[in-house]
Amino acid sequence: MIDVNQLRKGTTFTANGNLYRVLEYRHHKPGRGKATIRVTVRDLRSGSTIEMTFNSGERVEDIRVEANTVEYLYADDDFVTFMNTETYDQPQLNRAIFGDDLKFIKDSMAIKLLSYESEIIDYELPKTMEYEVIEVEAAVAGDTANSPTKKIKLESGFEVSAPMFINVGDVVKINLEEEAYVTRVSK
């Protein structure tokens with residue numbers, strides 16, 4: 001059991017028989033009275049996001065989640081299939097679990113699958129990834145004021161804004177949490 005004051009982003013806990021992961025934490029201390037802890041959490045089984053409020057001093061049961069690194073194999077209409085490179089098991093997850101994050105996944109990409117009591121409940125993408133640029137928006141000659149950017153399309157299919165000097169064939173690093181260009185890795 002942990003005190004609700006210890007709930008921080010990424011903490012996994014159980015309450016009312018459900019598994020939750022903290023997405024956002026806010027501590028509110030009014031002028032008089034007890035402090036309240038407000039957290040935005042995601043239900044790891046249903047995928048829904050909800051707000052929870054606790055009084056300072058309350059306790060919840062934290063859980064230990066096991067992480068296994070797997071390699072992406074393929075996706076079909078219903079499932080995304082991975083392979084554990086140590087045991088060669090091929091776990092499948094419902095495509096809906098990934099939502100918009102599926103656009104970041106490319107062939108042979110390593111991600112972490114998180115499990116609790118042998119049930120796969122969540123996944124973790126790397127913070128940054130490198131992608132090859134396959135398409136760029138035409139740059140306007142002379143447009144150099146105010147750090148101009150252009151849209152680029154990456155090998156996994158998603159688009160991001162990048163500096164004007166990025167060309168087709170370049171490899172760029174992307175911050176997956178912010179969906180933002182970080183740097184050019186190679187030409």
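Predicted model: local features only at pLDDT ≥ 70, side-chain atom pairs only at ≥ 80, totals over all residues.

Me: How many salt bridges does a search of the whole structure find?
Reply: The search finds 10. Side chains of opposite charge can pair when their charged atoms come close.

Me: Which residue forms a salt bridge with Glu 51?
Reply: Arg 26 does, with the closest N and O atoms 2.7 Å apart. Glu 51 sits in strand β5 and Arg 26 in strand β3, so the pair ties together parts that are 25 residues apart in sequence.

Me: Is Glu 51 buried or exposed?
Reply: Glu 51 counts as exposed, at 51% relative accessibility. Arg 26, at 29%, counts as partly exposed.

Me: And where are Glu 177 and Lys 127, the pair that links distant parts of the chain?
Reply: Glu 177 is in the loop between β15 and β16, and Lys 127 is in the loop between β11 and β12. The closest N and O atoms of this salt bridge are 3.1 Å apart, and both residues are exposed.

Me: Which residues are linked in a network of salt bridges?
Reply: Arg 21, Arg 42, Asp 122 and Glu 124.

Me: Different topic. How many helices and strands does the chain have?
Reply: One helix and 16 strands. The radius of gyration is 21 Å, well over the 16 Å that the globule rule gives for 187 residues, so the chain is more spread out than a compact globule.

Me: What share of the residues is buried?
Reply: Buried residues make up 36% of the 187.

Technical notes. Residues numbered from 1 in each chain as written. Heavy atoms only, no water. Helix = DSSP H or I, 4+ residues; strand = E, 2+ residues; numbered from the N terminus. Rg over C-alpha atoms; globule rule 2.2 N^0.38 Å. Buried < 20%, exposed > 50% of the residue type's maximum accessible area, 1.4 Å probe, protein only. Salt bridge = Lys/Arg side-chain N within 4 Å of Asp/Glu carboxyl O.
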